[in-house]
Amino acid sequence: MDKNRATVQKNINILVMVLLGGLLVVLFRYGWLQLVQGRELSERMRYQVGQDYLVQSPRGAIVDRNGRELAVSTMTKSLFVDPNHVENPQQLAEDLAPLVGKSVEDVLEDIRVGGGFSWVKRRMEQSEYEAIRALIREKGYANCLGFRDEAKRYYPNDVLAANLLGFVGTDDKGLEGIEQALDKYIKGEVTESFLYTDTQSRPILDSIFVRHGYQGDRCKTIQLTIDSAIQFIIEQELDRAMAENNPLSITCIAMDPRTGEILAMANRPSYNPNRFWDYEQDAWKNRAVSYIYEPGSTFKAITTGAALQENIVSPNQIFVDPGYVMVSGKRIQNWNNASFGTVTFADVVKQSLNTGFALVGLDLGADRLIGYAKKFGFGELTGIELPGEESGLLYNPDEMVASDVATMAIGQSVAVTPLQLITAFCAIANDGVLLKPHIIKNIKNANGTTYSETKVEEVRRALESAPDKTLVGLLEQVVATGGGRKATVRGYRVAGKTGTAQKVNDDGTGYSEGKYIASFCGFGPVEHPQVALLVVIDEPLGDSFYGGQIAAPVAGRMLSQIFRYLRIEPTTDASYDETELTEDVGEGDTSGASAAYESQVVTKPKVEEKISQPERTNSPEGTAVVPNFTRKSIREVARIVAEIGLTLDSSGSGFASYQSIAPGEIVEKGTRIYVEFSP
């Protein structure tokens, strides 16, 4: 019995040793497979039972100040081919070509790339995707054709704000405009996932729960300051102006002078960013920030502000206009080569007399004139959140001769961008304080929280409050009774300045004969400016090329619609029709840096009066009875004065508070009457 027990024990020991040996072999093999061959076997397994899958999130949206979508992305399918598994390239190309809109040879080229992956068509429409899916099922192409999810950019409003928004290339990279400037914030996010799939590349096991339509954690939503309704108003009027004047191009900017926010920014010609490849590259550019030009008489507002600030002139200061002045051997003349005689500085501004501004510029001198130009932001980047901005050109004051100073005072010998000019006018409208322009209102994270928000940023004070208010009054008279009358908006007080600059030759030497840039820049309502507007028309065709003739009416139509859209209440008597103008004052600039061109104000008799006229008593022939102008607007006073044959001198803005000749007095026609206006 003891012997049997010993035998059993021995057998047990042998069995245990065998089991332990087997276990050691298994452990050794397991360790070998895991530690030595683990990575290789894992990659082999992944290749056999699944695939790496790139998950892309859509690009962040761009919306206007009211949340209206301007640029959005949706996930679409992109088709690729695995050349290694194509059995019959010719047949595949013939089947695929008509469905993807390519030639058979183009598809064959995609297959000839070789390797395991080659794009056939990216970001297909849904109809194309469905047709190719049906082909794959019908012809059994699942082993060589496949799809990847990619984001496709859409611009739902087509041309609207195209030059501002820009567009996106095939690799989800912003190439122009906001898309380029803020690409790092809104670019779609690409992550890599591993999917277990069956033999038809369909997800299995846990892979069926992989997030599709993944929105991403880093791409953000950009809210712009522009209002798409105002943008539409402006672009509609630009299309009309293009048809009427057939210019080389037109640029327009609308801005809130209280905040520096861009309300609209548009160019013509433009393009459709959904099909940007169909257009010339010049159409992609945003001329509002990348185009520099001589501003002409619109720059006289800056000269006026500088002269008022330095106490060189006052609105009622008398000038004797000889018709032209000679400066450093160069002739600077008025539009008609004739003298306007004895005029006030207010008349110099209203009639945009080059002689008067040249003399004022010489009194200012190079240092002060350049200094004020810099205070208003010329010669430097504004810093707006857009690519391609130019800084413009300013003289070094140490290198300026007298003729340079005189011509700069009338808007030559200086190059600006449209954005710089309207920013300067916004400073005038904002009590003399220059603000940094911006077009980004805020940036939102993917989860809806605020990443950043743009605040009002004061750059510097360009003018003190008192001279700035005087300047605003003078600019209001330009629109009410001067060269900018076609920018008048019935019921509203508008201030502004027209300009007509002769274009510089492409080589920078002299001026191009018969080529002009007509412009108007202004703001309103004067008592509480909410909108500043700039219209720049480059090389209009035909005889009408003055800013007062073609740019001012465009601006007037725009402002009228914008005021109504913003529900701004009228502040002046709007119950009568405006006096029609057959021509307007136009500010031409010198030929070869010296000649000036302007046109006269010619009024057309009114067909019908809609307001009662001031009471008049009989007066001898050739005389007139002075009416009571108290509490009348500048436009009303100007209209009545013109009708009874008097000449108006005025200062300030708002409503008449003082007149130099008492009501009821009988004076000779042509008598000059001074009327002071105050808020």
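Biologist: How many helices and strands does the protein have?
Modeller: The secondary structure comes to 18 helices and 27 strands. Helices (H or I, at least four residues) and strands (E, at least two) are DSSP runs, numbered from the N terminus.

Biologist: Where do these coordinates and numbers come from?
Modeller: This is a predicted model, in which local features need pLDDT of at least 70 and side-chain atom pairs count only at pLDDT 80 or more, while totals for chains, interfaces and linings use all residues. Residues are numbered from 1 along each chain as its sequence is written, and side-chain values use heavy atoms, with hydrogens and water left out.

Biologist: What percentage of the residues count as buried?
Modeller: Of the 679 residues of the protein, 53% count as buried. Buried means under 20% relative accessible area, exposed over 50%, and partly exposed in between (1.4 Å probe, protein chains only).

Biologist: And what share of the contacts joins residues 24 or more positions apart?
Modeller: Among contacts with a separation of 6 or more, 72% are between residues 24 or more positions apart. Contact means heavy atoms within 4.5 Å.

Biologist: Let us turn to the sheets. What is the strand order in the open sheet of five strands?
Modeller: The order is S9-S8-S20-S19-S18, and the pairing is antiparallel. Two strands pair if DSSP finds at least two bridges between them.

Biologist: Which strands are at the edges?
Modeller: Strand S9 (261-268) and strand S18 (495-504) are the edge strands, each pairing on one side only. On average, neighbouring strands of this sheet are turned by 10° against each other, direction ignored. Axes are lines fitted to C-alpha atoms, for helices over the stretch in contact, and angles run from 0 to 180 degrees between N-to-C directions.

Biologist: How many bridges join S8 to S9?
Modeller: Seven bridges join strand S8 (residues 249-256) to S9, and the two run antiparallel. Threonine 251 stands opposite asparagine 267 in S9.

Biologist: Which strands does helix H9 lie across?
Modeller: Helix H9 (residues 228-245) lies across S8, S9 and strand S20 (531-538), and runs at about 25° to S9. Helix H17 (residues 547-565) lies across S8, S18, strand S19 (511-524) and S20, at about 145° to S20.

Biologist: At what angle do H9 and H17 pack?
Modeller: They pack at about 155°, with their axes 10 Å apart. H9 and H17 are therefore roughly antiparallel to each other. By definition, angles under 35 degrees count as roughly parallel, over 145 as roughly antiparallel, 65 to 115 as roughly perpendicular and the rest as oblique.

Biologist: What classes of residue make up that contact of H9 with H17?
Modeller: By class, the contact of H9 with H17 has 11 nonpolar, three polar and four charged residues. Ala, Val, Leu, Ile, Met, Phe, Trp, Tyr, Cys and Pro count as nonpolar, Asp, Glu, Lys and Arg as charged, and the others, Gly among them, as polar.

Biologist: Now another helix pair. How far apart are the axes of H3 and H4?
Modeller: The axes of helix H3 (residues 89-100) and helix H4 (residues 104-112) are 8 Å apart, and the helices pack at an angle of about 120°. H3 and H4 are therefore oblique to each other. Their contact is made by residues including Leu92, Leu96 and Val100 of H3 and Val104, Val107 and Ile111 of H4. The contact of H3 with H4 has 10 nonpolar, one polar and one charged residues.

Biologist: Is asparagine 163 buried or exposed?
Modeller: Asparagine 163 counts as buried, at 4% relative accessibility. This residue lies in helix H6 (residues 162-165). Leaving aside neighbours within four places in sequence, asparagine 163 is in contact with several residues, among them Gly177, Asn267, Tyr271 and Trp284.

Biologist: One last region. Which order do the strands take in the open sheet of three?
Modeller: The order is S24-S27-S25, with mixed pairing. The edge strands are strand S24 (647-652) and strand S25 (655-659). S24 and strand S27 (residues 672-678) pair in the parallel sense over six bridges, and serine 651 stands opposite glutamate 676 in S27. Helix H18 (residues 634-644) lies across S24, S25 and S27, running at about 165° to S24.
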